[in-house]
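Please keep the sequence and the structure at hand while reading.

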Amino acid sequence: QVQLVESGGGLVQAGGSLRLSCAASGSIFSINAMGWYRQAPGKQRELVASISKGGITNVADSVKGRFTISRDNARNTVYLQMNSLKPEDTAVYYCNAGWMYVSGSYSPADYWGQGTRVTVSS
């Protein structure tokens, strides 16, 4: 079916940058968008950013101005560029495949990567 593999996580100092990658493989029929979620210990998983196949993007208020989502449709890959990282960005980041509607809202399908850990030290 569908397989998502994340990479790029690691340990970084506050103020530093990381770029996460998510490579998709397998058949994706009705999916028209990708998203990045994150989950910190004791917190619910939250949507960080999303992008449609057509290039429409949305980012959460908590990361707006610091994170940028992009994609390469030919390679079935989505990226999350994270700049000016803060300790509160520490979490496991998950790639997701889903749908974006004309309103810009994102709805996840049940396709998830294994997660990649991001740790930001003070």
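## A residue and its surroundings

Ser-50 has its place in strand E5, which covers residues 46-52, and it should be kept in mind throughout that the model is a predicted one. With a relative accessible area of 2%, Ser-50 is buried, since the cut-off for that class is under 20%. Leaving aside residues up to four places away in sequence, Ser-50 touches Met-34, Gly-35, Ile-56, Thr-57, Asn-58, Ile-69, Met-100 and Tyr-106. One of these contacts, Tyr-106, returns below in the account of the aromatic rings.

## Strands and their pairing

Strands of a sheet pair through backbone hydrogen bonds, and the pairing may be parallel or antiparallel. In this model an open sheet is formed by four strands in the order E1-E3-E8-E7, with antiparallel pairing. Its edges are strand E1 (2-7) and strand E7 (67-72), each of which pairs on one side only. On average, and with direction ignored, neighbouring strands of this sheet are turned by 15° against each other.

Within this sheet, strand E3 (residues 18-26) and strand E8 (residues 77-82) run antiparallel and are joined by six bridges; Ser-21 has Tyr-79 as its bridge partner in E8. The ring of Tyr-79 also has a charged neighbour, for Arg-19 lies over its face at 5.0 Å from the ring centre.

Strand E9 (residues 91-100) and strand E10 (residues 106-112) likewise run antiparallel, and five bridges join them, with Asn-96 standing opposite Trp-112 in E10. The hairpin of E9 and E10 has five residues between the strands, and in it Gly-104 takes a positive phi near 95°.

## Aromatic rings

How many aromatic pairs does the model contain? The count comes to two, and both are set out in the table.

| Pair | Centre to centre | Angle between planes | Class |
|---|---|---|---|
| Tyr-37 and Tyr-106 | 6.4 Å | 55° | tilted |
| Tyr-37 and Trp-112 | 5.1 Å | 65° | edge-to-face |

The pair of Tyr-37 and Trp-112 is classed as edge-to-face because its planes stand at 65°, and the class begins over 60 degrees. Both pairs link distant parts of the chain: Tyr-37 in strand E4 (residues 33-39) and Tyr-106 in strand E10 are 69 residues apart, while Tyr-37 and Trp-112, the latter also in strand E10, are 75 residues apart. Taken together, the ring pairs link Tyr-37, Tyr-106 and Trp-112 into a cluster.

Tyr-37 is buried, with a relative accessible area of 9%, and Tyr-106 counts as buried at 12%, whereas Trp-112 counts as partly exposed at 30% relative accessibility. Trp-112 also has a charge over its ring, as Arg-45 lies over the face of Trp-112 at 4.7 Å from the ring centre.

## The disulfide

Which cysteines are joined by a disulfide? The structure holds one disulfide, and it joins Cys-22 to Cys-95 with an S to S distance of 2.0 Å. The link of Cys-22 and Cys-95 is left-handed, with -80° about the S-S bond. Cys-22 counts as buried at 0% relative accessibility, and Cys-95 is buried with a relative accessible area of 0%.

Terms used: Residues numbered from 1 in each chain as written. Predicted model: local features only at pLDDT ≥ 70, side-chain atom pairs only at ≥ 80, totals over all residues. Heavy atoms only, no water. Helix = DSSP H or I, 4+ residues; strand = E, 2+ residues; numbered from the N terminus. Buried < 20%, exposed > 50% of the residue type's maximum accessible area, 1.4 Å probe, protein only. Contact = heavy atoms within 4.5 Å. Pairing = 2+ DSSP bridges. Axes fitted to C-alpha atoms, helices over the stretch in contact; angles between N-to-C directions. Phe/Tyr/Trp six-rings, centres within 6.5 Å; stacked < 30°, edge-to-face > 60°. Lys NZ or Arg CZ within 6 Å of the ring centre and 35° of its normal. Disulfide = S-S within 2.5 Å.
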